[in-house]
Amino acid sequence: MVSPRHLAGPGDPRHVTHALRAAGWHTASDPLHPTVTLHSPDYSHQLTLTPKPGRPYRPWWRIRSPHGPAHWSAEFSGTTPVEIIAGLTDALVQPLPERLRSPWELLTAHGWSYHRQSGGSESATSPDKAVSVEWQISPIAGPLGWTIEAVDRHNLDRPGLLWRASLDDNTPSHLVAAFTAALAVPDPVPRGRYEIPYGLPLKQEREEPLGPKAAAAHAERLAEARRHRPRTPRPATGSPVPPAPQPTTSPARPAR
């Protein structure tokens, strides 16, 4: 178990994809191809994971709502910790929160510093100065959306990018809040011995076999996702619902 999570490395992508499958999302990709595409039950949302060998800092993850006038999209580099991405994807399958907290409230509650520029742009920085969250406004184009970056500032001579995420200005507020909450929470995350990034100021708990604990936690996570599986898919409003994709090869194995 390592912390802070924003320095813990990418982790296992199944933390995201298995939960969506358990919540009723459909696989729309070739099971023999490394690209993964999932559609929500009503086809109003889509997730695509496209690994790019040798380009881990480019967008691997894309989550979007392609239909209707309020379409939005979010992108995450391949090095983004999956627990942080799951903050947004979990919120896609859960009911809307009764009280919506602003991202800045969520971040400053965990010691992040907040800044507001004269042009209206806002930003917050993590206590260790490694992560910045920015809401950018152009005086000409207007809102540009959210940019989140984690940088290795431990190496003062050559600080380097660790991961990057971007959410466009149409991203629903509750999804932005869920993402920032997952980013700011101090809970450690599990990583294998050889998955822990070298040279970063990480706190590591005593090493012990985590297999049974990780499996139990994952099973509990999937059970929670299944509780939010819709009984009957509802068509997306304002646009036709595309037909369910027909597999061209053997059906994808369901996530466990």
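The model is predicted, so local features need pLDDT of at least 70, side-chain atom pairs count only at pLDDT 80 or more, and totals for chains, interfaces and linings use all residues. Residues are numbered from 1 along each chain as its sequence is written, and side-chain values use heavy atoms, with hydrogens and water left out. The protein chain has five helices and 12 strands. Helices (H or I, at least four residues) and strands (E, at least two) are DSSP runs, numbered from the N terminus.

**Overall picture**

- Of the 256 residues of the protein chain, 41% count as buried.
- Buried means under 20% relative accessible area, exposed means over 50%, and partly exposed lies in between (1.4 Å probe, protein chains only).
- The protein chain exposes about 14600 Å². Carbon and sulfur atoms supply 54% of that area.
- Accessible areas come from the Shrake-Rupley method with a 1.4 Å probe; for residues, only the protein chains shown count as cover.
- Take the contacts (heavy atoms within 4.5 Å) between residues at least 6 apart in sequence: 53% of them join residues at least 24 apart.

**The sheet**

- An open sheet of 10 strands has the order 2-3-4-5-6-11-10-9-8-7, and its pairing is antiparallel.
- Two strands pair if DSSP finds at least two bridges between them.
- Strands of a sheet pair through backbone hydrogen bonds, either parallel or antiparallel.
- Strand 2 and strand 7 (113–116) are the edge strands, and each pairs on one side only.
- Strand 2 and strand 3 run antiparallel and are joined by two bridges. Here His26 stands opposite His39 in strand 3.
- Helix 2 lies across strand 4, strand 5, strand 6 and strand 11 (160–167). Helix 2 runs at about 15° to strand 5.
- Such angles run from 0 to 180 degrees between N-to-C directions; axes are lines fitted to C-alpha atoms, for helices over the stretch in contact.

**The core**

- A nonpolar core is a set of buried Ala, Val, Leu, Ile, Met, Phe, Trp, Tyr and Cys residues joined through side-chain atoms within 4.5 Å.
- The largest nonpolar core has 49 residues, and Trp61, Phe76, Leu88 and Ile148 touch the most other members.
- Helix 2 (residues 82–93) gives the most to this core, with eight residues.
- Leaving aside neighbours within four places in sequence, Phe76 is in contact with several residues, including Trp60, Trp61, Ile85, Leu88 and Phe179.

**Helix 1**

- Helix 1 (residues 14–22) is mostly covered, with seven of its nine residues buried.
- Among them are Val16, His18, Leu20 and Arg21.
- The cover over these buried residues includes strand 4 (46–49), strand 5 (59–65), helix 2 and helix 5 (211–226).
- Just after helix 1, Gly24 takes a positive phi of about 100°.

**Salt bridges**

- The count comes to nine salt bridges. A salt bridge is a side-chain nitrogen of Lys or Arg within 4 Å of a carboxyl oxygen of Asp or Glu.
- Arg62 bridges to Glu75, with the closest N and O atoms 2.9 Å apart. Arg62 lies in strand 5 and Glu75 in strand 6 (residues 72–77), so the pair ties together parts that are 13 residues apart in sequence.
- Arg62 is partly exposed at 34%, and Glu75 is partly exposed at 26%.
- Arg116 bridges to Glu122, with the closest N and O atoms 3.6 Å apart. Arg116 is exposed at 55%, whereas Glu122 is buried at 15%.
- Salt bridges that share partners join Arg99, Arg101 and Glu105 into one network.
- Arg99 is exposed at 56%, while Glu105 is partly exposed at 28%.

**Backbone details**

- Most residues other than glycine have a negative phi, and most peptide bonds are trans.
- The peptide bond from Ser3 to Pro4 is cis, with omega near -5°. Pro4 sits in the loop between strand 1 (2–3) and helix 1.
- Tyr43 has a positive phi near 65°. Tyr43 lies in the loop between strand 3 and strand 4, and Tyr43 is buried at 9%.
- Lys129 also has a positive phi, of about 65°, although it is not a glycine. Lys129 lies in the loop between strand 8 (122–125) and strand 9 (131–138), and Lys129 is partly exposed at 49%.
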